[in-house]
Amino acid sequence: MTARDKIEKLTNSWYAFALVSALWSLFQNGLGVFSLVGGALSLVFSLGLTYFIGKRLLARSSLTRTFLLVVSVLSMLFGTFWVYRTGVAFFHTWSFGLLLHIAFALVSLRMNFKSFRVLTDDSVASYCR
């Protein structure tokens, strides 16, 4: 698999994650007018941002790659803390709704780890230089 293919596959994964996040937002906020409009705007923004970043990576932007590496590492750190704090809260309250929060946080962690893994791949690193 070439570096270009890896970047395209990663971009497609982020498109799917944007859709999952929009569904999660609907689940969290309910089906009100404001939550539907806000969710739709958030989805359009997420898809647009993913498109822009994906195109920048395909254009061999080392600055974009470096920025995304920093963001993915910070997101993994905060995500790990989020899972830990939510897990502690779950064991104190035994609210099974918190398990859904943990599951979403783990999916988010997986996406950031996947991004880090692809962006640090030797072929992608040399492609973006």
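Reader: Where is the place of leucine 100?
Author: This is a predicted model. Helix α4 covers residues 97–119. The place of leucine 100 is in helix α4.

Reader: Is leucine 100 buried, partly exposed or exposed?
Author: The relative accessible area of leucine 100 is 41%. Buried means under 20%, and exposed means over 50%. The value for leucine 100 falls in between, so this residue is partly exposed.

Reader: Which residues is leucine 100 in contact with, leaving aside its neighbours within four places in sequence?
Author: Set aside the neighbours within four places in sequence. Leucine 100 is then in contact with Trp24 and Phe27.

Reader: How many Å apart in space are leucine 100 and alanine 16, C-alpha to C-alpha?
Author: In sequence, leucine 100 and alanine 16 are 84 residues apart. In space, C-alpha to C-alpha, they are 18 Å apart.

Reader: How many aromatic pairs does the structure hold, and is the pair of phenylalanine 17 and phenylalanine 104 stacked or edge-to-face?
Author: The structure holds nine aromatic pairs. For phenylalanine 17 and phenylalanine 104, the ring centres are 5.9 Å apart and the planes are at 15°. Planes under 30 degrees apart count as stacked, so this pair is stacked.

Reader: Which helices does the pair of phenylalanine 17 and phenylalanine 104 tie together?
Author: The pair ties together parts that are 87 residues apart in sequence. Phenylalanine 17 lies in residues 3–29, and phenylalanine 104 lies in residues 97–119. Those helices are α1 and α4.

Reader: Are phenylalanine 17 and phenylalanine 104 buried or exposed?
Author: The cut-off for buried is under 20% relative accessible area. Phenylalanine 17 has 13% relative accessibility. Phenylalanine 104 has 14%. Therefore phenylalanine 17 counts as buried, and phenylalanine 104 also counts as buried.

Reader: Is the pair of phenylalanine 90 and phenylalanine 91 stacked or edge-to-face?
Author: The ring centres of phenylalanine 90 and phenylalanine 91 are 5.2 Å apart. Their planes are at 65°. Planes over 60 degrees apart count as edge-to-face, so this pair is edge-to-face.

Reader: Which of these counts as buried and which as exposed, phenylalanine 90 or phenylalanine 91?
Author: Compare each value with its cut-off: under 20% for buried, over 50% for exposed. Phenylalanine 90, at 6% relative accessibility, counts as buried. Phenylalanine 91, at 55%, counts as exposed.

Reader: Which residues do ring pairs link into a cluster?
Author: The cluster is built from ring pairs. Its members are Trp14, Phe17, Trp24, Phe27, Trp82 and Phe104.

Reader: What span should α1 have, and how many Å apart are its end C-alpha atoms?
Author: α1 has 27 residues, at 1.5 Å a residue. The expected span uses one less than the number of residues. So α1 should span 39 Å, and this agrees with its end C-alpha atoms, which are apart by 39 Å.

Reader: What covers the buried residues of α1?
Author: The buried residues of α1 include Ile7, Leu10, Thr11, Phe17 and Trp24. What covers the buried residues of α1 includes α2, α4 and α5.

Reader: Which residues is threonine 11 in contact with, leaving aside its neighbours within four places in sequence?
Author: The place of threonine 11 is in helix α1. Threonine 11 is buried, with a relative accessible area of 13%. Leaving aside its neighbours within four places in sequence, its contacts are Thr50 and Gly54.

Reader: Which residues make the contact between α2 and α3?
Author: α2 passes α3 in a left-handed crossing. From α2, the contact is made by Ile53, Arg56 and Leu57. From α3 come Thr64, Arg65 and Leu68.

Reader: What is the phi of arginine 60?
Author: Most residues other than glycine have a negative phi. Arginine 60 is in the loop between α2 and α3. Arginine 60 is not a glycine, yet its phi is positive, about 70°.

Note on methods:
Residues numbered from 1 in each chain as written. Predicted model: local features only at pLDDT ≥ 70, side-chain atom pairs only at ≥ 80, totals over all residues. Heavy atoms only, no water. Phe/Tyr/Trp six-rings, centres within 6.5 Å; stacked < 30°, edge-to-face > 60°. Helix = DSSP H or I, 4+ residues; strand = E, 2+ residues; numbered from the N terminus. Buried < 20%, exposed > 50% of the residue type's maximum accessible area, 1.4 Å probe, protein only. Contact = heavy atoms within 4.5 Å. Left-handed = near helix turned anticlockwise from the far one by under 90°.
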